[in-house]
Amino acid sequence: MTIPPARRIAVLGAGLSGLTAAYRLSTLLPKSQIYLLDGARQGGWVKSDKHAVSFTTPAGERLQGTITCEAGPRSIRPRGGPGAPAMLKLIRDAGLEDAIVPIPSSHPAARNRYLLTPAGLERVAPTPLALLKPASASAALVRGAALEPFRRSPQPYPADESVASFFKRRFGPRIAHIASAFVHGIYAADPASLSLRSAFGILHDAEKKYGSVVLGMLRGVATPEAKAAEAAAWAELGELGKKREQWSMYALSGGMQALTAKLATEAAANGVEVRCGAEGRVSGLTKTADGVEIALPTGPLSVSHVVSALPPRQLAGLAPQLPNLTANPSTTVGVVNVVYPLPPGDIHPDGFGYLIPRDDASQHAALGVVFDSTALPGTGDGSLEGKLTKLTVMMGGPYWGSYGGAAPSSADSLVAPALAHLQSTFPVLRGVEPLLVTPHLNAECIPTYAPGHGARLRETHEAIARDWDGRLSVVGAGYGGVSVNDCVLGAELVAGALGRGEEGVTGLERWAEWE
Ligand SMILES: C=Cc1c2[nH]c(c1C)Cc1[nH]c(c(CCC(=O)O)c1C)Cc1[nH]c(c(C)c1CCC(=O)O)Cc1[nH]c(c(C)c1C=C)C2
């Protein structure tokens, strides 16, 4: 049964998820009044800062221009689940197709990713040369993969477990240690605190179905229905869907903020009322007979439906009866952009960057380094490209939590350890003055899905459906994935359902049958 589309909808939170929901609702329900409310800045963790720089090259050439540094997400994946076509469709619909900067699969950033081990930087690829070095990480990965199919699975098979326990069980402690680097590079989390099923569900499914991760990956675990749905989503994108097959990732000219800024502009042009900053600070939600009353500094706002794109913990403060919203911690990440007046080739190997397994750079609390100049060419540095080197040091996460330390109180205190870390990896930088150093302390920016997350989402779904009369939906990284694609997908699913006039949309329907 369908009900008439809601007429007054408030979206809480103006990060990527909230902006996507508000923009899409404004296109699907042009006669409805949409509000976008956020007590902080528009854009959330997406922040592309422009900086003017001028410098003299080692050859004596005087250069000046503007460069873009990302404090948050910087690249997008054109594959890997239904979020990928959803993101590309959003970009196209918002009129940003021309801003896409594809990174082809043949590009060094796509081919070369490194691990920093006590022996130095090692390319993650099972090259014959690496395999001849028994101590190399690549050789360990190949050995681990060869032995994995012969390991037994526990009976009964666990409903969920931590990523650390899974890797130790299936591959042994050496590979579990290497895997910590990949967990740092996506979740900035301690593998012992992260749910395998919610973070790397494909590994859980592979072992459960085939008794072996390696066999499962070779045979594939996606259901025919999921494959068909994804193929249809790509087909709907026509030429663009075809073109992306050649890309390993893509970025946006002007940086990721080009997307959030465009969504905000388009939403406002479609009549969305945007209130960000003090006037958008929501202090309470009350269910009424025919909708929801939102407490704002300027007085109550009555709407027929609320879409929360707030972090679950923040929503818990507004709807304390809802279960499980405070079950997951979030991790704080230090992001330090450093720009040197040297060409990238003088500093680092060609590639995307490197990750660091647990403890291998603990004195700097370093998780990894992105080689921005080579990873994201063509995103806004114009004539300075190739003349300077932009690096981003990612720090903190579990080092400021379960690994034992505490988060620093200011972003400025990240500068010294970030520079020391770069100098220890690249001795050529000792004595080179950076052109620019911009530290950011992104407090509680990535949720760590604790084991059992999926089952808790099912309970939250049931509670919203039962207690909110179809008036509340939830979207955002706190629920169904931390990538920008996941954020867009969650918001699109909710906006699409509301746009079709569907009843009782919680945003957590995907977990309704979770076992
Ligand atoms: C070192 C810290 C981090 C780096 N990136 C992130 C952190 C915490 C954040 C991040 N990276 C990825 C995601 C999810 C998906 C997305 O939005 O695209 C998030 C939230 C993607 C990702 N990055 C790496 C891997 C293996 C993945 C998974 C998907 C893929 O293969 O692209 C590796 C990686 N991350 C960082 C570096 C330096 C690095 C590899 C060298 C930085």
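In this predicted model, a nitrogen atom of the ligand sits 2.9 Å from a polar backbone atom of Gly-185. On the oxygen side of things, a polar side-chain atom of Arg-113 lies 3.1 Å from an oxygen atom of the ligand. Both Gly-185 and Arg-113 belong to the group that comes nearest among the 19 residues around the ligand, along with Arg-77, Val-369 and Ser-483. Taken on its own, the ligand has 780 Å² of accessible area, and the protein covers 81% of that.

S16 gives the largest share, four residues. Sorted by class, the shell holds twelve nonpolar residues, five polar ones and two charged ones.

H7 (residues 173-187) also pairs up with helix H6 (residues 163-171): their axes come within 8 Å and cross at roughly 145 degrees, and the crossing is right-handed. On the H6 side, Val-163, Phe-167, Lys-168 and Phe-171 do the touching, and they meet Pro-173, Ile-175, Ala-176, Ala-179 and Val-183 of H7. This contact has eight nonpolar residues and one charged residue, with no polar ones at all.

H1 brings Leu-16, Leu-19, Thr-20, Tyr-23 and Ser-26 to the contact, while H13 answers with Leu-259, Thr-260, Leu-263, Ala-264, Glu-266 and Ala-267. Split by class, that makes seven nonpolar, three polar and one charged.

Two spots in the backbone also call for a mention. Most residues other than glycine have a negative phi, and most peptide bonds are trans. The peptide bond from Gln-155 to Pro-156, however, is cis, with omega near -5 degrees; Pro-156 is found in the loop that runs between helix H5 (137-147) and H6. Asn-324, for its part, is a residue other than glycine with a positive phi, near 75 degrees. Asn-324 has its place in the loop between helix H14 (312-318) and strand S14 (330-340).

Key:
Residues are numbered from 1 along each chain as its sequence is written. This is a predicted model: local features need pLDDT of at least 70, side-chain atom pairs count only at pLDDT 80 or more; totals for chains, interfaces and linings use all residues. Side-chain values use heavy atoms; hydrogens and water are left out. Axes are lines fitted to C-alpha atoms, for helices over the stretch in contact, and angles run from 0 to 180 degrees between N-to-C directions. Helices (H or I, at least four residues) and strands (E, at least two) are DSSP runs, numbered from the N terminus. A crossing is left-handed if the near helix is turned anticlockwise from the far one by less than a right angle, and right-handed if clockwise. Contact means heavy atoms within 4.5 Å. Ala, Val, Leu, Ile, Met, Phe, Trp, Tyr, Cys and Pro count as nonpolar, Asp, Glu, Lys and Arg as charged, and the others, Gly among them, as polar. A residue is near a molecule or strand if one of its heavy atoms lies within 4 Å of it. A polar contact is a pair of N or O atoms within 3.5 Å; within protein, one must be able to donate a hydrogen and the other to accept it, and residues adjacent in sequence count only if both atoms are side-chain atoms. Accessible areas come from the Shrake-Rupley method with a 1.4 Å probe; for residues, only the protein chains shown count as cover.
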